Every structure is written in structure tokens, then in C-alpha cells.
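Me: I would like to learn how to read some features of a protein model. Could you take me through them in order?

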Amino acid sequence: MQVPSAGREEAALEGIQDPLVREQLARKLPALRRHLGRAEEHRALLELCEELDELDAGDRLALVANLDYLLERLSVDALRRWIITGMRACEEQPERLTRYLRLEDELARASLAFEASGNGLETFRAPLQFYANGLAGRPLELKNRRNAVLNGPPLRAVITANSLLLPEGYSIVDGTDHFRLYCAAVAHAVAHLRFSPMHQDAGSLKPMSIAIISLIEDARVEYLLALDHPGLRRLWGRFHAPARNETALTFRALTRRLACALHDGRVEDENYWVNKGVQLFRERLADPYDYRAFREIGSILANDLGQMRVRFNPQQYVPEPAYCDDNSFLWNFGEPQPPPQQQEQLFVQGVRVERVEREDGGGEGGAGTLVEVEQRFSYPEWEYRTQTERQDWVTLIEKPVQLGGSPRIEVTIPRHRVRQSIFSLIKANQLSRSAKLRRQWEGDQLDLNGTIAALVDYRSGVQPDPRVFTKPGRHAPKPSVLVLLDLSESTNDRIPGRYDSVLDVAKGATIVLCEAIGEAAERFAVHGFSSNGRHEVEYFRVKDFDEPFGEAQAQRVLALRGEHSTRIGAALRHACGLVSEQPGDHKVVLVVTDGEPSDVDVFDRDYLIEDAAMAVRVLRGRGVISFCLTLDPKAKGYVSRIFGNDFLIVDELVELPFHLSKAFVKLLNR
Amino acid sequence: MHGIVEQYLIKTEPYYCPSGKEIDLFKSAYHLRLPMMLKGPTGCGKTRFVEYMAWLLKKPLITVACNEDMTASDLVGRYLLDPSGTVWHDGPLTTAVRYGAICYLDEIVEARQDTTVIIHPLTDARRILPLDKKGEIVHAHPDFQLVVSYNPGYQSISKDLKQSTKQRFGAIDFYYPDPEHEATIVAHEASVGHEVAAKLVGIAAKSRALKGRGLEEGISTRMLVYAAALIRDGMRAMDACRLAMTRPITDDEALHKALDGFIEAHFA
Ligand SMILES: Nc1ncnc2c1ncn2[C@@H]1O[C@H](COP(=O)(O)OP(=O)(O)OP(=O)(O)O)[C@@H](O)[C@H]1O
Ligand SMILES: [Mg+2]
């Protein structure tokens, strides 16, 4: 665990306004450390404490006093949600909030237990992502929307054409089954995506009209989606429950009642306005696809509310129930909408890669280096214009992986699924494949064909072959696979909407694979390369054949950095030499890359492509199969020129671990 | 027709609901005795289609399910012993070749490549089957046709047919029927109402969107027929869908949750 030094910590506390809180916290921090796993958690806690200014001085202190108890049960994020829940539930009841923060309120304990059992988006991400893709019938990326302010209005989902931002967590006041709540939000979003016109001009519409028209639109699209998904009505209905006892006449209460009545399709509400809304809505259901007609209802009802002098505060308003989205999908407010800030804080799906600053800066100890000194090799290159080979044209340098200096990256895989499916994939394909050996001298079972042949020979008076048994054995020649990672600068590119890079994902995928294949890792090597002109193709033997995969090897994978360019031909030739030294007659080089070959001293696009194609032919000639996994969606044109049919374009980065493992297993069995 | 293959004649018309021109295409191919390859995911109606075509053409149909352990002898035949000595027994392929049947090799990719090559001389202009062990060359009966099925599946890197095998066949692509037809098929096969069938088809469609993104393969028509039959016999829809559709198709808990969500969305 990396812990900031004492000096830095004090400086970090400066941000906290209240001197009493600062003092208490300084005293408590050493003890709290055991609950704070990563440096980030540490920072997050301090940030949270800075935000506590929203609370009364007494409440603040009470909370800080309970931190030990709370953090033993909750992550900092969950703690934050727990506080938000209290503030929302005890709105305008300061005494109750005080009791809540002192854990004296019933709800405080319920909400604590709730948060402790993990009910945030991350808990449900895997099944939800499947649910969303299936229901939408296409990939709909789920992203995490973080609650930026403690005392703000509750968060709602944000729908865009290809992705859905969901709140990082709902609160217990929104309902108890949060998986279903998220499902309801996804289904609601799918209804909009299927049936709502996007970004209608808001023009001069008043905020209240926009709110009511959106509410009617919610009901319309839900009605439409429920036509062939009747179960969704019940799913949404669960979250309308609190509105069924609502009697108040505020804007919030009235709109909740209307939304609920529209969902239930009943007109028995005591309120004239609500009944009128349901009536109008039902009349127009004759043609539920007529968006305009429904929009009219919204205008009428908003007008009525205005005349009823119902107060509306657009800053406070959030669509209800909790599964609804923020309506931004429906409207265009003229000026281009700044992308929601939360985009930057998105969590990553699949492999989660986290940066951890290394305070000690050293790369010593444990992570023994494989290549102690640099070694130089010369390779030819293919000049396609003259159809000749330039001898000793490229210098390739094997270098040790530099462990220190760069931030260490810690890979965690929150989605158990990734690992599990790789395990089962590998188990199903039995890397150390057992087989029935036929025609054996001895064994437990008779070999049917051999026995019959022997008896036939015997009857015909010929000397029979006595090898008539089968016995279980192993396929003798074990294959060797060398994974060759492209470490060029472009792999540092951030994946849009996420905070990790292509290289991070590739590293994660490699580690997951190495860990999953266990014993078979010895038939498996991970090397990487980049190039800086023809005199400097760098080559890193990150993990070699016959080396088990352990902590030190993982460290080396994590320490890899993306720099320079992609002169792939030389790297392929070098890899070929290394894999050829392996025993057995089944050898594979599996390239993972993100773009086409290039280098600083080459200006003809085709040159390095043709050279790489030649390298692949050379490999094939030496009995080494090459296969390429590329993350470049536009790779088709050149990658087939290099690798023939032996490539796969991975368009969904999240799926890289799967594809890498699948390709690996298939190549092993080829 | 020879008595041996007569037993392979299909007596009653199998139910087959076409989704395109496949019946006419196949008829023309049979006319030329062109070897045919039916490509498509599991449980989408390939086997049913061959049965239907065999019935329509009034030809016997001999089906062999291929697997890894299958040897060439399992297809062409072998010597067996009887009290008087050794006798040759034709394998299913040889029977079809000799007496004129349609031979259907199901999941041909599963067979090892040394097994697959024995069909090569049968599937080019020669139309012969050499029986090495017996020292006989069987010339194919004029009615004989070879049909294989083949599931291209995931980027088949390792399990793939050789080009020299592929290029001997004509091919028809199969996929799950469109929703309307698929519901009709399920309703017919399991004797359930169209509404129930349509719901099951809706669930399947969602699972098919997850192919390659979690699921190796979507829920097949065959599974829908099973689930529908269970519902017809009184099982709760949720239980039937789990038993016949979502539990067999994957072991992944996260996927189960999502698939259960689809079931709930359709069955209120
Ligand atoms: N077009 C169709 N007409 C009638 N029934 C169909 C049709 N398509 C599918 N079915 C139903 O689906 C079931 C499964 O189809 P079938 O056994 O033919 O699948 P398959 O494609 O041969 O699968 P596999 O590749 O696993 O052998 C059939 O028994 C039948 O009930
Ligand atoms: Mg909405």
C-alpha cells in the first residue's frame, strides 16, 4: 500500500475550512488508513471532508467522530452516498439529519446496511450492460455518472444516441431493489431511443412546459414499449408506488401523481388536473405514435398549472420516479450543450486500470529483470519497389523493461465475469490436452479398429499387430505462443469517454490471460516493441517462455510504456527467431496492435506494410504462424495485406481480453 | 429402390416453414447432384430442412452426426467377424453411395481432417468412394447426394474446413427465421398460441444481440420450441424459459440476470 508521507498529508488537510474538523481528522487519519486501500481513496476522503461545509458545525463533528465505524463498513464513495441519502431524506428536518449522522435514526442504519451490501452501478454493471445491449438490440454503452455535489438534487440518467450515463448509485429512498431500478432506467432509456424524436427545438417553451411535455412523453414511450413487453409495465410500476399515497398539491406532488396515474391508466385521482391529464392521454392513445398530439396535452396541462398558480422551481426539479432520465435527450436548447462534466470520471468497463503514484520511485527488489544488458541485432528489410532485400538494414535492440520512473499501474478486474469466462474457455479447451492414444501395446481399453484388424489378420492366417489397446495420454508436441505487443506512442491514446488508454487495456488483457492460463503460461511469452527509426527498434522480453507468470512478470507488463513508432517487420523477424528456438513443431506469433506500421524515417505508406507482409511470409516459411489482433477499426485495408486472413479487428475494446484469450486458445489448438 | 435404403425414406411430410428461396435452390442443386453445405447457427432448422427436402424429393436420408473421435471406418465401413470368418459391413456413407440416398453429415467441422478427406473423390467429378481396406471402388448411385452442415461460429481460427473441402460444395446460408415466421414455427411445433410464441421469440432476439458480447451464441429456435412445450404443459413461463433457454445457454451469473430481465419484460 502506498501512503502519502506525513508532510503531504498536512498540506492536503488545508482545504478543510472548519479548524475543529481539521484537527480531529488529523488525529484520526492514521487510524483510518487501514480502511483506505489506495491513495485515491485517501484523496477522496479528504475531498469529502472538504465538502462537509454543507452541514452544521455540530453535525460535521459528529460525522467525523463516527468515521472509523463508517469506513470500516463503507468505501468512501458509499459513505458519500450514505450522507447524500441522509440529506435528501431529512430535507428541512435538521434535527432528524443530526440523528441520522449520529446513527441514531432508523433510516441511517437501514441505509448503511444498504450501502454496505453494494448497490451501486459498479455492482450491477455486468448484468446491466448485457440487459442494455439485449433490450436495445445493439451495443449501448453504460457509463457512470458521479454525484458531483453533496447537497444537489438527486441524479438522473442521461441518454445519448449510443450511450447511457447512469447515476453511480441511487438511494434507498428511491426503492430497495436497485438492480431492478437500474433495469427500469435502462428500459426507460430504450423506450426513448426507440420512440422519441431526439433534440426537439425547445424554442420559447417555458421550463414548466418542458417538464410537463417531457413527462407526457415519458408515459407515451413507456406505453409503446410495453405493448410488446408487458412485463416492463410492472417493472416501472414498482417505482411509482410512493406516489400512490401522495395528496399534496405542490408541483412535485402533482407531477408524481400524474406520472403514476398515466402509468396505471386510472382516472380515480382526487385531483381534477391529474384526471384531466389521464383523460386527454387516453383519448390520444388511438394513435400512440403521434408525438405532436401528445405534446399538445403537455402544453395544455402546463398552462392549467400556471393558472392554478402552482410554483415551479426549475433548479430543484428532477423527473420522477427515479428511473427517469433528465430529459436532455428530448430537447435542444439552442446553444450547444457542454458535455456533462462527469464524462471525465467515467469508470471503465471490463478491466479496470488504476494509476498508483509510486512514492518511492525505485524499481528495485522482487521484480528481477530478464534482460540485464542491451543486445543488438541486425535484420534485413524488404524494399518492394525494387523487390530486393536490404541487408542489415534495421537495428533491433533488446532492452530490459524499465520498472521505475513511470507511474505504476495497478490492474483490478472488477468484472469477475472476464476472468471467469476466460477460465472456462481455457478449461473447455484443455490446454494440456489429454487424448486417447490409439494402437498401444498396453492400456485399459481395447482399440476397436485395432482389435478387429488384429482378429481379421489372425483369422486370415496373417501375423496380427498386437497393439490393440487405447490409453489416455497427452498430445505430445506442446505449442508455443509469443504475444507481441505494439508499444508505439499511439497506444497511449485515451479511449474516448474513458480514462484509460489502448495500452492500458492491452496490458490488462495480457495479465488476465497470463493469470488464467496458469501452468500453460510456460508455453507462452509476452514481448513488446516500438521503433524510433531504422537504427533503433526497441524490443522488450517482458515475459519469456519457460518462465512462470508471477508478481514480477505482472510488474513488468504494467511498467510498459508507449513511445515512438511501429516498425513491425523487424520485430516479427526477431520474434520468429525466438519462438523458433522452442521445442515442438507448433509455433505462433500473436500480434496485438492499434494501427498501421509507420516510422519516423519512412514516408511511403506502403513500404512498411509490404515489409511486414514479407516478414509474415518468412515466418510462414519457417513454420511459424502469425496472427494479428488489431484495435484499429480502419485496419481492414492494410492488415489483410500483411496477415492474409489471419487477423481479427476488435472493435469493442472492452472485449479485448476475450478476443485475446480466444485467439490464444484457438491458436494453441490449431 | 433397394430395400436397405428404403427404411430411410421419410414417410410423412415434415413441417418446414421456408424463410426464403432455399427450397428451390436446393431442388436445383439436387438436380445436378451438387454436394451441398448448409451453413448456420445451431438449432435454426438445418436438419429439419434436409428432412423436408428428402421427403419432397422422395429420396432416403441417412444422417451421421460427426464428432472428433469418429474415424474414417465409422463412415465407410469395416470388416467384422461372424462365425464363418470376416465380413465387410458398409458404413452409412457407403450405404448411401451404393444404393442412392442423401447422406447428411451433421457438423462436419467436428470430424478430424483425415476423416473429411475421404469425401473428396465423392464430391468432385469422379463421384467415387474408394474402400481401401476392401480393395473396392464404389461408384455413386445416380440418386446419391452429399449434404453437410456447418456452423461458422466464432471467427473459426482453428476449427475450419480446408479450402479444398469447402470448394467442393454449394452452400446455403441459414439463420433464425424472421420474428413472424419464427413465432409461427414455435406455435406450430409446440402447439401453443401465437402470443406466447411471439414473446419467446422476443426474448430470443434480445439474446441474439448479445452474441459475441458475452454469449457465444444466441437462443435458438430449438430452445424456443422446448420452452413453449413446457409452457403448454402448464409450467410457469419464467421457469420454462429458465429451464429450456437461459440456464443451458450460459453459466455466467451476470448473463443469467440480464436474460431473466428479458423474460420478465415479456411475461408480465
Ligand atoms: N424453418 C423451420 N420450419 C420448421 N421448424 C423449424 C424451422 N426452423 C427451426 N425449426 C424448429 O427448430 C428445431 C431445431 O431445428 P434443427 O434441428 O433443424 O436445427 P439445426 O439447424 O439442424 O441445428 P444443429 O446445427 O444443432 O443440428 C426443429 O426441430 C424445429 O422444431
Ligand atoms: Mg424520460
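Me: How many residues does the contact take from chain A and from chain B?

Reply: Contact means heavy atoms within 4.5 Å. Here the contact takes 38 residues from chain A and 35 residues from chain B. This is a predicted model, in which local features need pLDDT of at least 70 and side-chain atom pairs count only at pLDDT 80 or more, while totals for chains, interfaces and linings use all residues. Residues are numbered from 1 along each chain as its sequence is written, chains are lettered from A and ligands numbered from 1 in the order in which they are written, and side-chain values use heavy atoms, with hydrogens and water left out.

Me: What area do chain A and chain B bury between them?

Reply: Buried area is the accessible area (1.4 Å probe) that two parts lose on being put together, summed over both. For chain A and chain B the value is about 3300 Å², with 62% of it on carbon and sulfur atoms. On the side of chain A, A:Phe130, A:Arg459 and A:Lys666 provide 17% of the area buried against chain B, more than any other three residues.

Me: Which residues come nearest to ligand 1?

Reply: A residue is near a molecule if one of its heavy atoms lies within 4 Å of it. There are 17 residues around ligand 1, and B:Thr42, B:Gly43, B:Thr47, B:Glu189 and B:Arg222 come nearest.

Me: Which peptide bond is cis?

Reply: The bond from A:Glu320 to A:Pro321 is cis, with omega near -5°. Helices (H or I, at least four residues) and strands (E, at least two) are DSSP runs, numbered from the N terminus. A:Pro321 belongs to the loop between helix H15 (291-307) and strand E5 (331-332) of chain A.

Me: What is phi of A:Glu92, and where is this residue found?

Reply: Phi of A:Glu92 is near 60°, a positive value in a residue other than glycine. A:Glu92 sits in the loop between helix H6 (76-89) and helix H7 (94-101) of chain A.
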